[in-house]
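Here's a quick briefing to keep beside the viewer. Have the sequence and the structure open, and follow along chain by chain.

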Amino acid sequence: MSIKKSFRNFFTAQTNSRLKDLLLVLPTYLWIIIVFFIPVFSVLILSFAELSPVTRTVVNFPVLSNYAKLFIRTDYARLLLRTFFIAVTVTASSVLFAYVVAYFIAFRVLKNKYTVLFLFQAPYFATYMLILLAWRLMLGSTGVINSLLLYFGLISEPIKLLGYNLFSVWLVLTATWFPWLILPIFVSLEKIDRVLLEASDDLGASPITTFLKVTFPLSLPGVFVAVLFVFIPTMGEFIAPAVVGGRTGILFGNLIYDFFLKGFRWDVAAAFTVYLLIITFIAVFLLYRRIGFRKLMESL
Amino acid sequence: MKIDVELKNVTKKFGDVVAVSDVSFQVEKGQFFSLLGPSGCGKTTILRMISGFEKPTEGEILIEGEPMADVPPFKRPTNLVFQSLALFPHLNVYENIAFGLKIKKIPENEIKARVKEMLDLVRLPGYEKRKISQLSGGEKQRIAIVRALVNKPTVLLLDEPLGPLDLKLREEMIVELKRIKREVGTTFIYVTHDQGEALTMSDKIAVMKAGKIMQIGSPIEIYEQPNSEFVANFIGGTNVFKGRYENGAVEVDNLGKITVTPECQLSKGSVLVSIKPEKIFIGRKLNALDNIFAGEVKEAYYQGRVVTYRVLLENGSSISVVAPSPGMEGIFGIGEKVKIGWNKKDSKLIT
Amino acid sequence: MTKSSIMFIVVLGFLLILTFFPIAILLLLSLNETSTLPLRNFPTLKWYIELLRFPAAINAVKYSLMVASVTTGAAVIFGICGGYALARTNFAGKKIFTGLLLMPMVTPYIIMGFSLMSFLLKMGVNPSLIVIIIGHILITIPYTTLVLTSRFIALDISLEEAAMDLGAGKFTTFRKVTLPLIMPGVAVAAILAFIISWEDVALAVFLAGTEQTAPVYIYSLLMKLPKFVPILTAMSSIILSFAIGLAFLMRMIERISA
């Protein structure tokens with residue numbers, strides 16, 4: 001009886017319930033802390049250590065030599081700049097494509113909107129790696145596109161741009177990313193009250209003015225979410241460059257991966273990872289300030 | 001008389017906001033008790049405290065004499081009919097009504113019998129297999145009510161269950177609720193913002209404003225003898241005048257002297273007088289009334305059985321009058337010169 | 001039809017080709033003698049027969065299914081607990097939790113992959129399927145939790161109160177009312193988690209040991225032994241058939257819950 005009574009007291013006490021409810025999220029808390037925070041923190045510490053390339057024991061701590069590597073080797077710095085450039089262009093092109101599709105589905109498709117939306121989302125299921133493999137067959141000097149163009153006599157020799165290079169990395173990343181970005185933009189376009197657009201027309205605005213002054217500003221939350229969705233992974237991308245980048249198309253992520261895997265230079269890899277982390281952090285912070293947490297949640 | 005529910009000095013605060021402030025009342029067994037007030041006055045909070053979903057910040061709630069402070073909602077002898085009805089969409093009518101009984105582990109054949117009895121009570125026999133989405137608004141109301149009633153609660157709590165219905169259905173449901181109440185005899189506590197519903201159904205009404213109870217009484221008391229300007233106004237569009245009482249009459253600015261029943265022994269001072277629009281006579285000539293004033297019809301609304309007039313009196317006040325339609329002198333047009341008057345027993349003093 | 005509509009359709013057609021043409025070519029070439037044009041000895045099942053001699057490829061698909069299933073199960077349970085807590089309770093440190101939850105969502109996989117694997121190796125844990133599952137649970141929890149939070153919020157709280165009012169305790173209420181009503185949301189969260197795990201290559205290449213998931217297997221074979229590309233095209237059609245089944249399942253659930 002006394003156990004029952006104390007259980008009941010535990011159940012009803014207001015302060016206790018806040019702690020008891022904490023139990024529900026405790027597993028998630030622990031998981032994120034153990035699997036995410038502690039490892040990332042250990043990388044942060046590692047980035048200030050100098051490891052012996054042979055034994056992988058700490059020789060020197062703390063040092064900034066790992067961070068300095070980026071500035072000593074100009075090709076590393078150039079790689080980071082190139083990655084930033086690719087991330088920006090891929091973000092711009094894929095958001096633009098996604099916007100066109102989302103706009104079309106939201107405003108021009110009258111029936112079966114969600115089926116059309118689903119059609120564009122279907123490739124997710126095929127897995128990213130498989131699509132990359134497909135693009136590997138499409139591109140290249142003996143690839144499908146060049147072969148077809150040659151066959152139909154449209155060109156006399158293979159187009160270099162469609163080989164394995166930086167342009168291909170941009171093309172493939174854009175093609176694989178834009179379908180992912182349709183949904184957040186579509187959601188924010190669907191939320192716009194159609195009366196607002198009619199009002200704008202009624203007030204004498206041209207379709208283009210209506211778009212620039214009403215539709216586009218109101219869809220910005222979705223656009224920001226889309227930007228965040230594509231920019232961050234692209235900064236860290238290393239799979240697509242390895243598959244279709246050839247020798248000229250590799251990115252900063254490939255450098256980190258190589259340091260981790262082949263060179264066993266974990267200390268340098270750690271410092272470069274921290275650089276990437278800082279860029280990510282800045283990007284998230286800037287967009288977070290523009291859209292806020294609630295909008296981000298709503299667009300998911 | 002046995003007391004089923006008693007609130008003793010109950011206060012509820014949400015942070016700094018006082019939702020219910022020092023409320024006390026008793027509900028007798030078998031009574032139909034209404035909490036009436038505008039939205040946000042705290043009436044729903046009181047209901048949620050009785051059912052156990054909120055805890056009083058101060059004070060005590062007793063059900064059948066037992067303090068309820070440590071009793072969670074699922075152990076209280078109360079059942080609630082929710083404003084949104086909250087019928088489980090994934091269960092059919094039978095499963096909805098049987099929900100509470102199944103939890104109490106009552107044998108299946110008894111559950112079947114009781115569900116059938118309940119469906120008969122609300123005149124929906126054979127509805128067991130229906131899905132909730134197939135029911136009409138009125139049918140949903142009835143199922144929600146019997147889903148609560150089937151558990152034989154000491155008190156049935158109803159949170160504006162007629163809110164979303166249209167007028168005609170609402171009137172039907174009022175009749176239906178009264179009949180159900182009569183047949184089962186359970187104590188009802190009913191929350192509403194509609195004075196018509198409260199007046200029609202209740203044995204006792206508590207009128208609330210901003211977390212406080214303004215007046216408790218029978219419908220007749222509340223209607224005929226409101227104790228404040230708020231209650232008078234809320235219960236029914238009435239004419240309220242401010243004036244000074246002296247020797248059985250009230251001197252009202254811009255109107256003149258109004259005679260009142262001298263039964264309220266007041267000292268001199270400022271008072272409010274309420275005159276119900278339907279107690280006022282209107283005509284081209286009036287006599288044999290205690291208070292008669294001349295004026296001009298400013299507005300006239302034809303409402304079928306009655307006509308509501310707004311009359312501007314000669315000394316500047318305006319007054320509303322509800323007269324039968326058509327009266328002996330027909331319906332008055334706007335701009336017509338008329339006289340209005342009432343007896344002094346209908347001049348109610350509000351202190 | 002207006003000029004702008006025609007323009008839209010042209011652009012949309014181009015984007016659809018961009019999306020579907022490569023996959024179609026992949027399937028076509030899996031039936032070809034070589035993985036380049038022109039078609040030679042088409043159609044041939046040569047590479048599908050050859051695939052049988054690569055048990056590692058078949059195993060990779062099995063491992064992928066296994067990893068994705070375990071990940072999905074765990075992430076959905078985490079998501080139900082977390083989503084319920086976020087939507088229905090006021091636990092201590094709610095704001096910190098939501099911030100924390102979003103972290104894995106906005107961090108590039110390479111950072112998580114490198115951090116987790118370098119940390120685990122230092123701790124003496126070797127890469128394996130279990131490590132992949134651990135990593136995949138991390139990246140799927142935010143999605144399942146957020147999807148289910150919004151479903152819990154959308155669920156009328158008075159339904160749960162009604163169950164309690166009718167005598168059901170907290171647990172019974174959850175089992176008999178809350179859970180059945182958010183089941184479509186659970187299904188959406190599960191499919192989302194499954195896809196994320198099934199898709200992932202960037203995180204898994206860090207965490208995979210000798211037993212590789214399908215994307216990791218494709219990636220490493222492509223990098224090390226490009227001559228086996230035709231085998232990979234045949235393997236792709238197996239993956240695609242799963243994908244199509246999954247896609248239809250998703251669409252059906254979306255229809256039901258809408």
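Chain C has eleven helices and zero strands, so its order of elements from the N terminus reads α-α-α-α-α-α-α-α-α-α-α, going by DSSP runs. Keep in mind that this is a predicted model. For the complex, the predictor gives an ipTM of 0.89 and a pTM of 0.82.

**Chain C on its own**

- The C-alpha trace of chain C spans about 75 × 65 × 30 Å along its principal axes.
- Of the 258 residues in chain C, 59% are buried.
- Take the contacts in chain C with a separation of 6 or more: 71% of them come from residues 24 or more positions apart.
- Mean pLDDT for chain C is 88, and 99% of its residues reach 70 or more.

**Where chain C meets chain A**

- On the chain C side, 85 residues are in contact with 78 residues of chain A.
- Chain C and chain A bury about 7,900 Å² between them, and 83% of that is on carbon and sulfur atoms.
- The largest share of the chain C side, 17 residues, comes from helix α1 (residues 3-29) of chain C.
- Sorted by class, the side of chain C that touches chain A has 64 nonpolar, 15 polar and six charged residues.
- What about salt bridges across the interface of chain C and chain A? The rule finds zero of them there.
- Polar contacts do turn up: three residue pairs between chain C and chain A, with both residues at pLDDT 80 or more.

**Buried spots in chain A**

- Helix α6 (residues 128-138) of chain A is largely enclosed by the rest of the structure, because eleven of its eleven residues are buried.
- The buried residues of α6(A) include A:W135 and A:R136, along with A:Y128, A:M129 and A:L130.
- After α6(A) comes A:G140, with a positive phi near 90°.
- Helix α12 (residues 252-261) of chain A is mostly covered, with eight of its ten residues buried.
- Among the buried residues of α12(A) are A:F252, A:N254, A:Y257, A:F259 and A:F260.
- A:S47 sits in the loop between α2 (14-46) and β1 (50-51) of chain A.
- Is A:S47 buried or exposed? A:S47 counts as buried because its relative accessibility is 0%.
- Leaving out residues up to four places away in sequence, A:S47 touches A:V63, A:N66, A:Y67, A:D267, A:A270, A:A271 and A:V274.

**Positive phi in chain B**

- Most residues other than glycine have a negative phi, and the next two residues are worth a look with that in mind.
- B:L85 isn't a glycine, yet has a positive phi of about 70°.
- You'll find B:L85 in the loop between β6 (78-81) and α2 (93-103) of chain B, and its 9% relative accessibility makes it buried.
- B:K152 isn't a glycine either, and its phi is positive at about 50°.
- B:K152 lies in the loop between α4 (137-149) and β7 (155-159) of chain B, and at 61% relative accessibility it counts as exposed.

**Salt bridges**

- Over all chains, the structure holds 24 salt bridges.
- B:E64 and B:K2 meet through their side chains in a salt bridge, at 3.7 Å from N to O.
- That pair links distant parts of the chain, 62 residues apart: B:E64 is in the loop between β4 (58-63) and β5 (66-67) of chain B, while B:K2 is in the segment before β1 (3-14).
- B:E64 is partly exposed at 38% relative accessibility, and B:K2 is partly exposed at 43%.
- B:R123 and B:E176 pair up in a salt bridge of 3.8 Å, N to O.
- These two also link distant parts of the chain, 53 residues apart, with B:R123 in the loop between α3 (108-121) and α4 of chain B and B:E176 in helix α5 (residues 167-184).
- B:R123 is exposed, with a relative accessible area of 52%, whereas B:E176 is buried at 6%.
- Which residues join B:R123 and B:E176 in a network of salt bridges? B:R142, B:R179 and B:E183 are linked with them.
- B:K298 forms a salt bridge with B:E296, where the closest N and O atoms are 3.7 Å apart.
- B:K298 is partly exposed at 41% relative accessibility, and B:E296 is partly exposed at 23%.

Key:
Residues are numbered from 1 along each chain as its sequence is written. Chains are lettered from A and ligands numbered from 1 in the order in which they are written. Side-chain values use heavy atoms; hydrogens and water are left out. Contact means heavy atoms within 4.5 Å. Buried area is the accessible area (1.4 Å probe) that two parts lose on being put together, summed over both. A salt bridge is a side-chain nitrogen of Lys or Arg within 4 Å of a carboxyl oxygen of Asp or Glu. A polar contact is a pair of N or O atoms within 3.5 Å; within protein, one must be able to donate a hydrogen and the other to accept it, and residues adjacent in sequence count only if both atoms are side-chain atoms. Helices (H or I, at least four residues) and strands (E, at least two) are DSSP runs, numbered from the N terminus. Ala, Val, Leu, Ile, Met, Phe, Trp, Tyr, Cys and Pro count as nonpolar, Asp, Glu, Lys and Arg as charged, and the others, Gly among them, as polar. pLDDT is the predictor's confidence in each residue, from 0 to 100. Buried means under 20% relative accessible area, exposed over 50%, partly exposed in between (1.4 Å probe, protein chains only).
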